[in-house]
Amino acid sequence: MQDFFGSIRRSIVFSTPPAHTDDGRFTGFANKIGSAIRKSRIGLKSPPPPPPPHIRWRKGELIGSGAFGRVYMGMNLDSGELIAVKQVLIEPGIAFKANTQANIRELEEEVKLLKNLKHPNIVRYLGTAREEDSLNILLEFVPGGSISSLLGKFGSFPESVIRTYTKQLLEGLEYLHNNRIIHRDIKGANILVDNKGCIKLADFGASRKVVELATINGAKSMKGTPHWMSPEVILQTGYTTSADIWSVACTVIEMATGKPPWSQQYPQEVSALFYIGTTRSHPPIPEHLSAEAKDFLLKCFHKEPDLRPSASDLLLVFCKSSSSSANLPSIHHMRVSGISFNITQFSQGLLQSDSNRWDEL
């Protein structure tokens with residue numbers, strides 16, 4: 001199309017006007033057409049908008065480490081805001097290899113998209129920054145530490161705290177699922193708590209790219225996570241958001257016992273992987289939990305992924321009733337994936353003020 005217009009422009013602008021046009025009207029008309037064509041070409045080749053300015057930051061003390069990198073406290077040098085910096089090391093020998101560079105670019109692009117996600121119960125992505133031997137992911141800083149670290153300091157949580165954290169966990173997870181993001185690695189170490197008891201899901205979205213990049217560097221790809229994995233994830237038979245629901249239930253058991261699920265029966269990762277994959281069994285449910293909490297867990301641990309409730313379904317359990325428990329969802333009017341979802345007893349239990357119950361929010 002541009003060649004076509006170009007040929008017209010050349011024939012009009014550079015051709016000799018007919019002899020009978022002595023008043024310059026033909027030349028003026030040709031110049032107007034040429035100007036319009038030049039403007040149209042400029043519009044077609046207009047440059048993209050400039051990228052947002054990079055965050056100027058400075059690395060502080062080490063605050064955590066995992067299988068795929070270290071986490072440092074940082075400071076935004078323009079705003080003074082404290083941030084978290086997840087640093088993925090890149091070995092000098094492979095830093096400039098094509099597959100390494102491709103993984104880095106993919107991770108940077110994914111973080112650009114994740115920056116648009118905003119919810120009180122997820123950690124905000126702020127951007128990325130490359131260094132010679134590492135890629136840094138800049139994140140919202142959450143001062144209280146992870147659920148895993150709090151369990152190490154204070155021991156197992158009472159049901160009132162478990163219920164508070166679980167509701168917020170489901171709210172953040174519902175937001176991610178509505179944005180077509182499967183977390184894939186929900187566990188206490190990936191759930192952060194601020195000093196007011198607000199929990200925030202971390203390591204979602206870009207975590208898979210981090211694993212791919214770190215695996216190139218020789219890190220193990222499943223260190224520390226099998227005990228929270230659903231059977232379909234272990235068997236690699238394909239999984240959906242329901243895999244996260246299984247992991248939520250495993251995290252509830254972690255909060256109730258102060259230890260990873262399966263850790264007493266199968267402390268080694270390989271044995272846990274084999275047992276969960278072959279039997280499709282769920283972890284033992286702590287005996288001290290209330291009947292309502294046990295029922296909640298059993299729904300999340302359904303062997304058939306399609307028959308597990310969604311995060312939205314589970315949040316209905318936590319809805320307050322302004323009058324009576326009759327207003328809460330029950331087996332008579334709540335269905336999940338075409339089957340009846342029996343939560344009548346659980347819903348009623350949420351309204352009780354007994355200290356053994358999950359306190360109302």
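Modeller: Start with Lys-86. Leaving aside neighbours within four places in sequence, Lys-86 is in contact with Arg-70, Val-71, Leu-135, Asn-136, Ile-137, Leu-139 and Asp-203. Contact means heavy atoms within 4.5 Å.

Biologist: Before we go on, what am I looking at?
Modeller: This is a predicted model: local features need pLDDT of at least 70, side-chain atom pairs count only at pLDDT 80 or more, and totals for chains, interfaces and linings use all residues. Residues are numbered from 1 along each chain as its sequence is written, and side-chain values use heavy atoms, with hydrogens and water left out.

Biologist: Where is Lys-86 found?
Modeller: In strand 3, residues 82-89. Helices (H or I, at least four residues) and strands (E, at least two) are DSSP runs, numbered from the N terminus.

Biologist: Is Lys-86 buried or exposed?
Modeller: Lys-86 counts as buried because its relative accessibility is 13%. Buried means under 20% relative accessible area, exposed over 50%, and partly exposed in between (1.4 Å probe, protein chains only).

Biologist: New topic. How many disulfides are there?
Modeller: Zero, from a search of the whole structure. Cys-250 is in no disulfide, and its nearest cysteine sulfur, that of Cys-300, is 9.6 Å away. A disulfide is a pair of cysteine sulfur atoms within 2.5 Å.

Biologist: And are those two cysteines buried or exposed?
Modeller: Cys-250 is buried, at 0% relative accessibility. Cys-300 is buried too, with a relative accessible area of 0%.

Biologist: What about Ile-186? Where is it?
Modeller: In the loop between helix 5 (159-178) and strand 6 (191-193). Ile-186 counts as buried, at 1% relative accessibility.

Biologist: Last one. Which residues other than glycine have a positive phi?
Modeller: Trp-262 is one of them, with phi near 70°. Arg-280 is another, at about 55°. Most residues other than glycine have a negative phi.

Biologist: Where do they sit?
Modeller: Trp-262 is in the loop between helix 8 (242-257) and helix 9 (269-279), and is buried at 6% relative accessibility. Arg-280 is in the loop between helix 9 and helix 10 (291-300). Arg-280 is partly exposed, with a relative accessible area of 30%.
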